[in-house]
Structures are given as C-alpha cells and as structure tokens.
Amino acid sequence: MAIRQLSETLINQIAAGEVIERPASAAKELIENALDAGATRIEIATSGGGKALLRVSDNGSGMDAADLELAVRRHCTSKLSDTLEDIRTLGFRGEALPSIGSVARLSIASRRPDSAGGHEIAVNAGKIAHLRPAAANPGTIVEVRDLFFATPARLKFLKTEKAEAGAITEIVKRMAIAFPAVRFVLSGTDRTTLEFPATGDDHLARMAQVLGKEFRDNAIALDAVREEISLTGFAGVPTFNRGNSAHQYAFVNGRPVQDKLILSAIRGAYAETIPSGRHPVAVLSITLDPALVDVNVHPAKSDVRFRDPGLVRGLIVGAVREALARDGSRAATTGASDMLRSFRPGFQPYTPRPQTAWSAETSPSRPYQPAIGFGERPQASFDGLSMPTARAEQQFSPQPAAPDTTARYPLGAARAQIHANYIVAQTEDGLVIVDQHAAHERLVFEAMRKALHSKRLASQVLLIPEIIDIPEEDCDRLMQHAAELSELGLAIERFGPGAIAVRETPAMLGEVDAHRLIRQLADEIAEWDTASGLSAKLEYVAATMACHGSVRSGRRLRPEEMNALLREMEVTPGSGQCNHGRPTYIELKLSDIERLFGRS
C-alpha cells in the first residue's frame with residue numbers, strides 16, 4: 001500500500017484524540033488561553049456537561065483579525081520561541097483550538113482593547129469559515145457546541161452529563177487556586193452557579209473558597225528552598241483528612257499538574273500520621289527554572305518530568321514533615337464540631353405521659369441526688385461536695401487554692417480520668433479530652449523512630465546467603481543504593497549479571513521473605529528512584545511494637561502520670577494523632593461549651 005499524506009482535518013482529529021479527551025480537557029485548554037492572555041475575569045458556561053455547550057469568556061488582551069486566522073490553524077502560537085527549555089506560559093503547542101474545531105462547532109469572537117471593533121471566525125468539523133467583523137467587548141469569547149459530533153465514536157466513551165460537569169468544576173477549582181487574582185464564574189443549565197471572587201495575593205483566602213473555610217483553621221504554611229527549587233503552599237494537619245486524594249493540589253511554575261512523583265511525596269510525608277484509606281489535604285506550589293522541568297511529556301500537560309526528581313521529592317517530604325513536626329500535633333478544629341453535633345439530641349416528638357399520681361422518686365423535676373463516689377481515689381474528694389443551694393453562706397474553705405500553673409500549658413491540667421481510658425484536662429480557655437492509649441502509643445513510636453534513625457540498625461547474618469534472580473537493570477538500581485540499604489541492616493552484593501545475594505537482613509524484622517522484599521524494593525526504585533520502602537517497613541514494625549508497649553486502655557492513672565503524659569505530648573512531634581492516624585485528643589473551647597448550654 002502506497003504511503004500518502006493525511007489531510008489537515010484528519011491530522012487535527014488525531015491530535016484531538018490526544019489533547020481533547022473530554023469536555024473538561026477542552027475547558028482546561030480554553031481557560032489556559034484566557035490566563036495566558038492576561039485575563040482578570042473568566043466566565044465559563046456549560047450545558048449538557050459541556051458536550052452541548054462550552055463557552056469561555058475573558059477580558060484578556062484579545063486578538064486582531066490576523067491573529068484569529070492563525071489561531072485556528074495547527075501549530076500556530078504566540079507563546080513559544082525556538083526552544084522548549086524556557087516555557088513560561090500554560091499553553092505553547094498551538095494545538096488546542098484546531099483540535100477542538102476538528103471535532104466540534106467552534107466559534108471565536110475577539111477584540112483588542114485598543115481596537116474599534118472585533119472579529120469572529122468559525123470552524124465546523126475542521127472546515128474554517130471566512131473571517132467577519134463582529135460586535136465584541138475587549139477580550140475573547142470562545143464557544144464550543146456539539147463536542148465530538150464529527151467523531152461519534154468518542155461520544156460513547158464519555159460519562160454522564162453530571163460526571164462531565166463535575167470534571168469541569170474540578171478543572172476550574174484547580175485554576176482558581178493557581179490564580180487567586182483572577183475572578184472565576186462557572187454557570188450553566190446543568191449546574192448551580194459557582195463563583196470565586198478574586199483574592200489578590202491572599203492565596204489562603206482563595207484556598208478557603210475552594211476547599212472550605214475549615215481549611216484555613218487547619219492549614220500549616222510551607223516555605224522551603226533547596227538548591228534552585230522553592231516550595232510554598234499549605235499542608236493540612238493530619239487529623240484534617242479526606243476519603244480520597246481529590247483535595248491534593250500541586251502546581252509547577254503556576255501550572256496545575258497531577259504528577260505521580262508529587263502525589264507520592266505527599267503520601268510519604270504523611271506516612272504513619274493518616275489512617276488507612278484516608279488522604280491528607282494539601283496545596284503545594286513548586287517554583288524552579290523552566291529548564292529544570294519538562295512540561296512537554298504529556299499531551300494534556302498534566303504530568304511533568306523533573307531533571308532531578310530525587311531533589312524535588314526530598315524537598316516536599318522534608319518541608320511537609322518539618323511543618324508537621326512544628327505545628328502538626330494540634331487536633332483538627334472539625335473534631336470539636338463533631339463532638340458538638342454528637343451532644344445535640346435529635347428531634348423527639350412529644351409523647352403524652354400517662355396520668356399517674358405525682359411521686360418525688362419518679363418526677364423528672366425531683367431534686368438531684370449525686371452518686372456516691374466516682375470509683376477513683378484521686379476523684380473521691382468530689383463526694384464531699386454539698387447539694388446545690390441558693391444560700392449565700394460560704395460552702396468551701398476560705399483558704400485560697402494554690403495557683404495551678406499546669407492549666408497554662410497548651411494541653412492544660414488533668415482533672416479526671418473517665419472509663420479508665422480518657423483523660424479530661426482543663427486549659428485556660430476550654431478543656432481537652434485525651435485518648436491515653438493512642439497518645440502514649442505515639443510517644444513510644446516517636447522514641448523508637450528516633451533511635452531507628454540515629455545509628456545503623458542491627459542486622460542478622462544469614463547462614464546461607466539467599467540468591468534472588470531479577471532483571472539486570474533492577475540489579476544495577478539496587479546496587480546504586482547498596483550503601484543506603486546497608487545502613488538499614490540489609491547487606492546485598494552482586495551475584496552475576498542478573499542476580500543479587502542477600503547476606504544480612506535487619507534483625508528488627510525477624511524472619512524475612514528476602515525474595516519478596518528485594519523485588520518490592522527493585523520495583524519501587526525503578527518507579528520513584530528511592531529506597532524508602534525498607535525504612536517504611538521498619539517504621540511499620542516500630543509502630544506495631546509501640547502499640548503493644550504503650551499504656552493500655554483500662555489502666556487507671558494517677559494525676560501526676562496524667563499530667564506527665566500531657567507534658568510529653570506537648571513536646572513530641574506528631575502527638576496529635578496515633579500511629580494509625582486517629583486523633584489522640586479533642587479540644588473543646590469554652591465558647592463551644594457555653595453554646596451547648598445556650599449561653600451564647
């Protein structure tokens with residue numbers, strides 16, 4: 001069969017299959033064009049989940065007649081010079097508009113601010129109509145109708161209108177976080193209007209608009225630099241988590257990305273602090289020289305490739321862990337809200353009481369009779385309190401009580417232990433309830449982790465070295481990290497071109513399936529170029545040992561023991577959650593308590 005040149009329309013349709021996967025992809029490309037044009041107000045309207053209509057209007061720099069004619073032709077762009085090493089705009093390929101026009105009905109109306117009038121051009125399934133004058137405000141309006149009508153097979157792979165509309169909403173949210181100085185409005189017949197007013201340089205205010213106002217109260221600021229790469233943003237405290245990773249946002253030089261390396265670094269930074277099946281909330285912005293990152297590795301530009309991925313991963317993990325150690329031990333503010341909701345009873349319909357003779361013993365208005373004793377010796381002094389009375393006589397000793405300085409600590413002074421597991425402490429402006437087992441479990445684990453990383457771990461020499469056959473390239477990767485693995489107690493050496501000999505294993509792990517461990521490490525190093533799998537396994541063992549060696553539920557503590565536990569929690573990083581990610585304490589402010597009693 002003879003080779004022939006494909007038509008321009010078919011070439012564009014092939015490109016559209018890579019660049020425009022769904023309506024959200026088209027929305028992303030059009031919003032990026034508006035941002036590159038310097039828009040400060042962007043309005044997006046949809047219908048039918050973006051399949052029937054997608055309109056993006058902006059107040060950017062606009063285009064003149066000559067620019068409009070070139071904009072709908074492939075590989076025509078104003079954003080790229082002669083190199084791919086200095087890309088400073090969101091778009092740069094010149095493929096989006098011709099790709100959309102090849103599979104939909106596309107119209108573009110634009111006007112420059114200094115022009116007396118605007119122009120409009122249309123593309124219908126790859127056929128470009130003649131340019132014509134049009135009335136238009138300064139800026140650009142791009143309207144896409146009947147997306148994929150020219151390629152009906154693609155329509156079968158789209159999801160429901162609601163799902164496609166939700167995907168467009170997610171795109172707008174990511175763009176809104178990246179550009180807080182821009183006002184975004186998302187509306188249409190298939191949704192309720194969503195508006196993000198501009199917040200200027202206040203990035204946290206924009207994040208609160210997108211992620212909810214609770215994020216502002218549970219976020220820790222990030223600001224770190226390593227070599228030529230800087231990291232800013234906010235990381236949520238570990239107890240402020242979600243059921244999926246949709247609330248993790250990453251940006252590279254202002255470009256929203258969903259890069260596996262960055263998402264993996266976030267997971268690694270929150271290791272041992274988030275419950276299984278839960279995900280942290282984080283917004284990370286990485287800034288570096290454009291020459292150090294390749295943004296041209298994915299058709300949709302959602303992935304990037306760093307020249308030094310290990311440096312980027314180390315920066316993220318280090319910065320987030322340092323922030324969590326500095327300020328991440330506090331409990332999420334949502335814990336108090338959940339507690340308040342649990343205190344409020346649901347609506348109970350009125351039920352007439354049977355007509356019986358009044359009895360002091362059964363009356364709901366009978367005088368309160370305190371129970372005798374709380375079952376704990378330090379709490380027995382409560383038994384001597386007198387009944388409530390309206391008399392003004394002195395009921396207590398006139399001697400002033402000694403000042404309780406422990407109440408001035410962040411976690412306050414222990415007042416009681418209830419159900420032999422929960423410590424109730426009084427702070428200067430509220431109270432704290434501590435799960436003693438979870439708290440002490442974390443303290444023991446942190447002590448073991450510190451010892452784990454302070455020296456080479458003890459290893460056990462195998463009587464007969466285990467030989468593991470793996471591909472030669474995996475052997476090369478493992479041997480590059482042989483010294484690092486040796487510090488963790490795993491001694492390996494090359495045994496021929498395609499085999500590894502394991503001579504020592506970490507004594508802490510006990511009996512080890514060396515074959516499975518080596519293959520798992522090889523796979524991880526191949527994907528992320530790290531050797532953190534072994535250290536994570538060791539920390540998991542340390543967490544298990546800490547759980548069995550901590551204060552058990554049901555053990556009664558003396559007041560000095562409870563206060564000692566509180567003081568140690570205050571100086572231990574990550575003490576706000578146990579090794580499994582559950583909160584170790586919940587704080588209730590005095591204003592919250594007063595609200596329970598209707599006093600505020």
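1. Helices H2 and H6 cross in a right-handed sense, a crossing being right-handed if the near helix is turned clockwise from the far one by less than a right angle, and left-handed if anticlockwise. The residues in contact (heavy atoms within 4.5 Å) are Pro23, Ala24, Ala27, Lys28, Ile31, Glu32 and Leu35 on H2, and Glu164, Ala167, Ile168, Ile171, Val172 and Met175 on H6. Ten of the residues of this contact are nonpolar, three are charged and none is polar. Here Ala, Val, Leu, Ile, Met, Phe, Trp, Tyr, Cys and Pro count as nonpolar, Asp, Glu, Lys and Arg as charged, and the others, Gly among them, as polar.

2. This is a predicted model, in which local features need pLDDT of at least 70 and side-chain atom pairs count only at pLDDT 80 or more, while totals for chains, interfaces and linings use all residues. Residues are numbered from 1 along each chain as its sequence is written, and side-chain values use heavy atoms, with hydrogens and water left out.

3. Axes are lines fitted to C-alpha atoms, for helices over the stretch in contact, and angles run from 0 to 180 degrees between N-to-C directions.

4. The protein has 18 helices and 25 strands, which are DSSP runs numbered from the N terminus (helices H or I, at least four residues; strands E, at least two). Of its 600 residues, 44% are buried. Buried means under 20% relative accessible area, exposed over 50%, and partly exposed in between (1.4 Å probe, protein chains only). Among contacts with a separation of 6 or more, 69% are between residues 24 or more positions apart.

5. Helix H9 (residues 260–269) packs against helix H10 (residues 309–327) at about 35 degrees, with the axes 9 Å apart. This crossing is right-handed. H9 contributes Leu261, Ile262, Ser264, Ala265, Ile266, Gly268 and Ala269 to the contact, and H10 contributes Pro309, Val312, Arg313, Ile316, Val317, Val320, Arg321 and Leu324. By class there are eleven nonpolar, two polar and two charged residues.

6. Seven of the ten residues of H9 are buried, so this helix is largely enclosed by the rest of the structure. The buried residues are Leu261, Ile262, Ser264, Ala265, Ile266, Gly268 and Ala269. At the start of H9, a side-chain oxygen of aspartate 259 comes within 3.1 Å of the backbone nitrogen of leucine 261.

7. Asparagine 241 lies in strand E12 (residues 241–242) and counts as buried at 10% relative accessibility. Its side chain makes a polar contact with the side chain of arginine 278 at 2.9 Å. A polar contact is a pair of N or O atoms within 3.5 Å; within protein, one must be able to donate a hydrogen and the other to accept it, and residues adjacent in sequence count only if both atoms are side-chain atoms. The side chain of asparagine 241 also reaches the backbone oxygen of proline 238 at 2.8 Å. Neighbours within four places in sequence aside, asparagine 241 is in contact with Ile274, Pro275, Arg278 and His279.

8. Threonine 572 sits in the loop between helix H17 (559–570) and strand E25 (585–589), and is buried at 12% relative accessibility. The side chain of threonine 572 reaches the backbone oxygen of glutamate 568 at 2.7 Å.
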